[in-house]
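This briefing covers helix packing, a nonpolar core and a chain contact.

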Protein chains: 2
Amino acid sequence: MSDFDALMEFQRTTEALSSVAERLGWDQETVMPRGATEQRAEEMAAMEAVLHERRTDPRIGEWLDGAEAEVEDEEDARMLELIGRDYRRQTRIPARLATELARATSLAQGIWAEARGNEDVAAFLPTLSEILMLKREEAAAIADGGDAYDALLDDYEPGATAQSIAAIFDEMRPRLVQLRDDVMGADRQPIRLDGQFPSETQLRLARQCATAFGYDWTRGRMDLAVHPFSSGRWQDSRITTRVVTSDPFNCLYSTIHEVGHSNYELGIDSDYAFTALGRGVSLGVHESQSRIAENQIGRSRAFTEWLFARMSDAFDGMNIDNADDFYASVNRVTPGYIRTESDEVQYNLHIMMRFDLERDLIAGRLHTADLEEAWNTRFLKDFGVAVDKPSNGVLQDVHWSVGLFGYFPTYALGNVYAGCLNRAMGAAVPDLDASLTRGDATPAVEWLRENVHRHGALIPQVPLIEQASGAPVSADPLLDYLEEKFGAIYDL
Amino acid sequence: MSDFDALMEFQRTTEALSSVAERLGWDQETVMPRGATEQRAEEMAAMEAVLHERRTDPRIGEWLDGAEAEVEDEEDARMLELIGRDYRRQTRIPARLATELARATSLAQGIWAEARGNEDVAAFLPTLSEILMLKREEAAAIADGGDAYDALLDDYEPGATAQSIAAIFDEMRPRLVQLRDDVMGADRQPIRLDGQFPSETQLRLARQCATAFGYDWTRGRMDLAVHPFSSGRWQDSRITTRVVTSDPFNCLYSTIHEVGHSNYELGIDSDYAFTALGRGVSLGVHESQSRIAENQIGRSRAFTEWLFARMSDAFDGMNIDNADDFYASVNRVTPGYIRTESDEVQYNLHIMMRFDLERDLIAGRLHTADLEEAWNTRFLKDFGVAVDKPSNGVLQDVHWSVGLFGYFPTYALGNVYAGCLNRAMGAAVPDLDASLTRGDATPAVEWLRENVHRHGALIPQVPLIEQASGAPVSADPLLDYLEEKFGAIYDL
């Protein structure tokens with residue numbers, strides 16, 4: 001067997017095992033009996049041990065050396081590039097550090113949750129400091145002389161740099177702050193949807209929404225979870241949702257968001273299954289697929305017309321009686337502290353703030369003892385509101401407690417990519433609105449599949465988005481879209 | 001680290017991975033999207049490859065050699081015995097044969113299902129012959145000069161021999177054939193429960209039955225499956241059931257049967273989790289736990305009194321209006337071809353027939369070409385009825401197509417063990433019937449936990465049953481119980 005083939009066969013089993021580990025995570029968050037947590041931790045640890053051993057197996061290095069000469073096409077070359085990148089990354093992290101990080105982050109999540117519950121930042125700081133110290137050590141090991149933050153970012157958005165992201169964010173911030181101020185000060189303010197909306201009906205509508213977005217139920221399913229997520233690849237990508245009886249948009253738009261993620265996984269060329277190409281190319285591109293489904297398509301005037309009719313049929317006595325007011329209500333911008341509950345206008349401001357703070361933490365320019373004050377000062381500046389308590393401020397997100405530094409900016413990059421794709425899709429699928437009005441988003445999903453999904457990880461994210469959108473990656477399409485959309489809704 | 005500790009640590013990860021593989025099987029049979037079958041096959045194969053590599057890892061042999069001198073107690077000694085037995089078994093099977101068997105049995109299941117659907121024995125024979133040839137080769141490799149059938153049996157009922165089982169069966173057969181004849185010829189025949197019983201109500205009652213048997217819902221759950229099974233261990237043992245709207249006993253007694261299995265797994269001493277002691281000691285003992293729950297307890301006059309009241313409340317217009325007729329109906333004996341639908345009187349006759357036939361097949365005394373005729377001749381002799389079609393005869397069970405030779409007798413051994421345990425339990429828990437009449441089987445489950453479950457695989461099955469029952473293993477308690485019970489119901 002050639003080195004290339006041996007490497008591919010080895011990778012195939014690794015990919016299958018990694019898919020099993022992911023399925024175990026789905027089980028834990030949806031159907032696992034609550035008394036099984038300790039056992040599941042052991043099972044996950046066993047899978048991680050097997051996967052870590054495989055990912056750092058020295059044979060990978062030997063096969064890679066021999067396989068370079070056996071490359072036949074662009075796909076082969078990209079597979080070696082991806083496997084090599086992962087191998088170098090994994091082998092640069094000392095085993096001792098990997099173990100310490102696993103232990104510390106697994107404990108930290110509980111400490112963070114308790115501190116948040118008690119509104120007690122001080123109780124979380126020693127833990128955060130320890131995680132930060134370990135992540136800085138990990139970053140230095142991977143960076144191998146390069147920038148530490150970029151080394152962490154690279155795990156989520158390969159090849160991206162803090163500098164390039166900062167350039168995009170610097171362009172976005174003033175226009176977003178301005179738009180936020182204009183919208184908040186507008187005379188015209190959308191009605192808020194009020195009432196109680198039965199769970200069963202919400203879930204039925206959520207299924208209809210998923211179907212409207214072409215979700216393939218023969219390769220997926222929908223369950224309930226505390227924090228909705230999508231999970232799995234290729235022939236089996238499942239979504240989860242949640243129900244808040246006073247707010248049906250929570251369930252419906254969570255569902256559409258997760259369908260966006262799953263459609264990406266299910267749309268990858270089936271030949272790439274069990275290979276390094278068989279996944280989303282970056283978290284930013286992944287988020288672009290959930291965001292374009294949820295926002296540019298799902299919160300459009302056209303799609304909400306269909307949704308308004310469905311909800312009017314399903315729920316008695318809604319306090320909104322026409323599609324225009326419904327559209328405005330779906331897109332309502334309100335003051336709020338919490339990132340995950342934010343609207344399209346303010347969401348990216350939440351991200352930019354975290355991006356700047358975590359860069360400073362990793363660089364050592366900001367100490368954890370000063371983090372809360374830095375957070376609150378910045379929040380007041382960008383959002384015009386003072387943080388009232390830690391659970392609405394620095395303790396709101398789980399990310400840093402589990403060591404996810406460099407992860408936040410991918411959310412905003414997803415929005416930027418979604419803006420680029422949406423502009424191109426609008427031109428390429430001119431009768432899309434007519435279809436959306438009938439509750440059929442599949443022409444959009446087809447366009448995304450053709451231009452994004454099917455490629456998997458073959459094309460790096462920037463050329464992928466540029467090839468799909470026919471223009472350089474830029475925040476302009478997103479900002480233009482937001483100013484136009486919210487200008488119209490708020491009569492600016 | 002000592003050899004003993006190194007072996008235990010290695011085993012711990014293997015047990016965790018094996019638990020993950022089992023969970024994957026549960027997922028496949030309950031919640032997996034139907035389009036995911038190919039992917040799941042790859043995932044299962046990857047897990048099996050990892051497990052096989054671990055189970056044949058030469059370090060096990062080295063650790064075993066060193067660990068013998070480090071044994072401190074009976075538990076340590078038994079762990080080494082169990083790990084050593086599995087290691088010798090696994091390493092005796094040539095890799096080529098293991099691969100061929102995996103491939104052949106995976107294909108054979110589909111061929112068997114198609115042949116059964118078409119009532120076409122001839123279409124299945126070449127496949128059966130191939131499987132048989134491979135299993136004989138495997139048996140010879142494991143037996144290492146000993147008896148081939150015993151070598152296969154040993155995988156399911158360690159240490160048991162065909163000779164010892166045949167001795168028990170020879171004792172049982174005449175009394176069972178006689179009892180079957182008497183019951184079939186009796187003047188008094190129970191009423192059959194008729195009607196349509198809504199699914200939701202059946203499932204609600206099934207949950208109540210599981211609760212009546214002390215099933216721990218914090219460490220389990222119930223789902224639907226085509227063929228009910230229980231799955232998982234320690235902190236997470238799940239049951240499945242099915243619903244036939246014309247026959248609620250199918251759902252209710254499947255549920256109780258699977259709860260019997262899961263209670264065994266959940267009742268094992270928690271210190272044995274992730275060790276070689278953390279499992280049922282043999283398939284026979286496992287089946288005894290499902291059978292005693294389903295039959296001796298679940299189909300008792302006392303428990304059915306409670307069940308009759310619950311069903312009368314739940315279903316309108318049942319055609320049975322008193323607890324005596326209900327008890328007789330639950331225990332009704334009717335002619336039938338199918339093992340899995342059989343009653344307590346005839347079930348073991350089905351098993352004995354398969355045991356004799358498969359011993360002849362493995363020994364080469366019976367050729368697959370003559371199997372159907374041998375089956376039909378024997379069926380007429382034991383059951384007094386001629387087989388009408390292959391799906392009611394030689395093609396009814398999946399077992400041989402997937403290479404399970406030596407598995408069938410464990411079902412009947414389970415009934416024999418259940419008979420022994422039931423006699424002792426009746427003496428040890430004298431007010432059990434009063435409790436069962438109130439729908440509470442937990443005093444029985446507690447007795448079983450104390451005497452069987454908690455030991456896991458610590459004590460081999462024969463001493464375990466003898467210690468629990470205070471008498472040598474014998475079919476007499478089962479046969480006495482059956483003659484007394486059915487003598488009363490049929491007024492013999």
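Helix 8 (residues 162-185) and helix 14 (residues 347-363) of chain A pack at an angle of about 140°, with their axes 9 Å apart. The two helices of chain A, helix 8 and helix 14, are therefore oblique to each other. The model is predicted: local features need pLDDT of at least 70, side-chain atom pairs count only at pLDDT 80 or more, and totals for chains, interfaces and linings use all residues. Residues are numbered from 1 along each chain as its sequence is written, while chains are lettered from A and ligands numbered from 1 in the order in which they are written.

**Terms for the helices**
- Helices (H or I, at least four residues) and strands (E, at least two) are DSSP runs, numbered from the N terminus.
- Axes are lines fitted to C-alpha atoms, for helices over the stretch in contact, and angles run from 0 to 180 degrees between N-to-C directions.
- Angles under 35 degrees count as roughly parallel, over 145 as roughly antiparallel, 65 to 115 as roughly perpendicular and the rest as oblique.

**Helix 16 and helix 20 of chain A**
- The axes of helix 16 (residues 409-428) and helix 20 (residues 476-489) of chain A come within 7 Å and cross at roughly 80°.
- Helix 16 of chain A is thus roughly perpendicular to helix 20 of chain A.
- On the side of helix 16 of chain A, the residues that meet helix 20 of chain A include A:Asn415, A:Val416 and A:Arg423; A:Pro477, A:Leu478 and A:Tyr481 lie on the helix 20 side.

**Nonpolar core**
- The largest nonpolar core has 246 residues, of which A:Phe213 and B:Phe213 touch the most other members. Such a core is a set of buried Ala, Val, Leu, Ile, Met, Phe, Trp, Tyr and Cys residues joined through C-beta atoms within 7 Å.
- Not counting residues up to four places away in sequence, A:Phe213 touches A:Ile256, A:Val259, A:Asn263, A:Ala293, A:Ala441 and A:Val445. Contact requires C-beta atoms, placed from the backbone, within 7 Å.

**Chain B against chain A**
- 31 residues of chain B are in contact with 31 residues of chain A.
- Helix 1 (3-30) and helix 2 (37-55) of chain B are the elements that give two or more residues to the side of chain B that touches chain A.

**B:Val50**
- B:Val50 lies in helix 2 of chain B.
- B:Val50 is buried, with 24 other C-beta atoms within 10 Å (20 or more count as buried, 12 or fewer as exposed, and those in between as partly exposed).
- Leaving aside neighbours within four places in sequence, B:Val50 is in contact with A:Leu17, A:Val50 and B:Leu17.

Definitions and conventions: Two residues are in contact if their C-beta atoms, placed from the backbone, lie within 7 Å.
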